[in-house]
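User: I am new to this structure and would like to learn how to read it. Could we go through it feature by feature?

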Amino acid sequence: MTTAETPPPGGAAAGVVDGTAADAATAELDGTWARDVRWWDVAFYVIVVLSALALLAAGVSGRALLVSLAAVATILVTYLAWGRRAARTRDQVPAHVYLVVAIACTLVVVGQDALGTLLLFAVFTQIWMLSEHLWAQVVLCVALAAGTALALAFDPQTGRVEPEELASAAPQMGVALAFALSLGLWTAHTLRQSERHARLVDELRATQAELGRASHEAGVLAERERVAQEIHDTLAQGFTSVVMLAQAASADLDRDATDAARERLALVESTARDNLAEARALVAASAPAPLQGSTLGEALRRLVDRFADETGTRVELAAPESPRLSSAEDVVLLRSAQEALTNVRRHADATAVRVELRQDADGTVLEVTDDGRGLPVDASGFTEGYGLRGMRERVAAEGGRLEVGPRPGGGTRVAVRLPAGTRPADPAGVRPAATSRTGGPR
């Protein structure tokens with residue numbers, strides 16, 4: 001494992017990173033460890049040097065001093081050769097080789113003078129820092145504590161372990177061992193929690209990124225659907241009108257009916273201009289061109305007038321002068337009327353159409369009826385078309401519902417119902433409906 005992949009210490013007990021590549025938060029945790037390990041080096045060097053100075057200051061001399069300093073120097077050299085590298089690479093072979101040497105040299109120093117126990121601060125800590133296996137950490141701590149108790153009880157003069165000294169040293173080292181185990185296990189638990197938190201942050205970031213991608217994709221799809229619906233409701237219908245009017249004008253020219261052809265061509269120009277305005281509104285994502293600077297009632301009048309001029313169908317419009325609707329509801333009702341009239345043009349073969357907009361205590365109703373051939377026995381082909389499906393989606397988005405069915409007496413009835421919402425339930429403020437009738441081509 002390279003230095004750049006350094007995981008935090010603690011091994012199996014600390015939930016060390018396995019062979020899989022670290023994610024962002026885990027890599028950040030690893031990078032923090034790679035920086036912090038330098039301070040472990042500094043602390044270790046300080047403890048070892050202070051321990052050597054303590055031996056010199058305590059008056060240890062002769063062979064005991066030489067043996068102690070040689071053992072301290074061995075610890076330093078072994079750390080520089082194996083321990084320091086193991087702290088960064090987490091390689092367990094040099095880590096345990098160093099720990100065994102450090103424990104042995106510490107016991108040698110303690111055997112020469114009790115001040116050697118100062119080295120325990122460094123060695124106990126390094127056992128938990130370098131070893132990644134809980135069983136090895138516990139075994140090494142027990143070995144260090146037990147060996148220190150024996151070293152303290154060892155008499156260099158007699159070459160024996162004094163029972164009285166051992167009885168005195170054993171409880172002290174028992175306390176030191178208990179403290180080392182408790183602190184080490186707590187540290188391992190903390191490191192384990194840190195890595196778990198890092199992994200949770202990784203998962204959270206991944207989830208947020210996935211949600212962001214999903215939200216973006218959903219937004220793109222919704223926008224595509226919106227644009228497709230707008231094109232169907234406006235440009236496609238306008239081009240259909242242009243084609244039909246152009247065909248009618250061509251037929252008029254074949255009959256030498258130039259006046260009628262001119263009227264058709266004038267309607268072609270008007271329809272094309274309307275389509276251009278709709279295209280610009282669509283690009284600008286603004287309100288439909290018929291609603292810009294006018295009311296819904298006025299837009300419906302222009303719509304039915306153009307429909308009557310293009311098809312020769314008698315159209316009756318009944319709409320309030322000032323319906324109190326939101327801009328979103330205006331768009332839904334206008335587009336619904338456009339789609340309903342388009343279906344009349346394409347499928348109904350009707351001679352008369354009625355468009356009614358009214359408000360009552362329950363909300364707003366737009367109703368388009370015709371005296372055409374009506375729905376087929378199996379109406380699925382009519383009700384499942386793209387236009388009506390888009391109309392349903394528009395109406396549903398405003399909390400309303402769409403009704404398509406036969407008209408009493410023959411023909412088809414399409415009704416859009418929008419709930420009252422926050423508008424006043426009392427429709428008294430709406431002025432009486434203005435009724436207009438439009439005939440065929442004028």
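User: Are α4 and α5 roughly parallel or roughly antiparallel to each other?

Analyst: Two packed helices are described by the angle between their axes and by the distance between those axes. This is a predicted model. Here helix α4 (residues 92–112) packs with helix α5 (residues 120–130) at an angle of about 160°, the axes being 10 Å apart. Angles over 145 degrees count as roughly antiparallel, so α4 and α5 are roughly antiparallel to each other. The crossing of α4 past α5 is left-handed.

User: Which residues of α4 and α5 make the contact?

Analyst: From α4 come Q92, A95, Y98, L99, A102, I103 and T106, and from α5 come L120, V123, Q126, I127 and L130. By type, the contact of α4 with α5 has nine nonpolar residues, three polar and no charged.

User: At what angle do the axes of helix α4 and helix α6 cross?

Analyst: The axes of α4 and helix α6 (residues 134–153) cross at roughly 15° and come within 8 Å. Angles under 35 degrees count as roughly parallel, and α4 and α6 are therefore roughly parallel to each other. Their crossing is right-handed.

User: Which residues of α4 meet α6?

Analyst: On the α4 side they are H96, L99, I103, T106, L107, V110 and G111. Their partners in α6 are A136, L140, L144, G147, T148, A151 and L152. The residues of this contact divide into nine nonpolar, five polar and no charged.

User: Now the backbone. Where is D256 placed?

Analyst: D256 lies in the loop between α7 (163–254) and α8 (258–284). The feature to read is its phi, which is positive at about 65° although D256 is not a glycine.

User: Is D256 buried or exposed?

Analyst: Exposed means over 50% relative accessible area. D256 has 65% relative accessibility, so it counts as exposed.

User: What is the phi of D349, and where is that residue found?

Analyst: D349 is another residue other than glycine with a positive phi, near 55°. The loop between α10 (327–348) and β4 (352–360) holds D349. With 60% relative accessibility, D349 counts as exposed.

User: How many helices and strands does the protein chain have?

Analyst: The protein chain has 12 helices and eight strands. Of its 442 residues, 41% are buried. Contacts can also be read by separation in sequence: among those between residues at least 6 apart, 70% join residues at least 24 apart. The chain exposes about 22,500 Å², and carbon and sulfur atoms supply 61% of that area.

Notes:
Residues numbered from 1 in each chain as written. Predicted model: local features only at pLDDT ≥ 70, side-chain atom pairs only at ≥ 80, totals over all residues. Heavy atoms only, no water. Helix = DSSP H or I, 4+ residues; strand = E, 2+ residues; numbered from the N terminus. Buried < 20%, exposed > 50% of the residue type's maximum accessible area, 1.4 Å probe, protein only. Contact = heavy atoms within 4.5 Å. Areas by Shrake-Rupley, 256 points an atom, 1.4 Å probe, with all protein chains shown as cover. Axes fitted to C-alpha atoms, helices over the stretch in contact; angles between N-to-C directions. Parallel < 35°, antiparallel > 145°, perpendicular 65-115°, else oblique. Left-handed = near helix turned anticlockwise from the far one by under 90°. Nonpolar A, V, L, I, M, F, W, Y, C, P; charged D, E, K, R; others polar.
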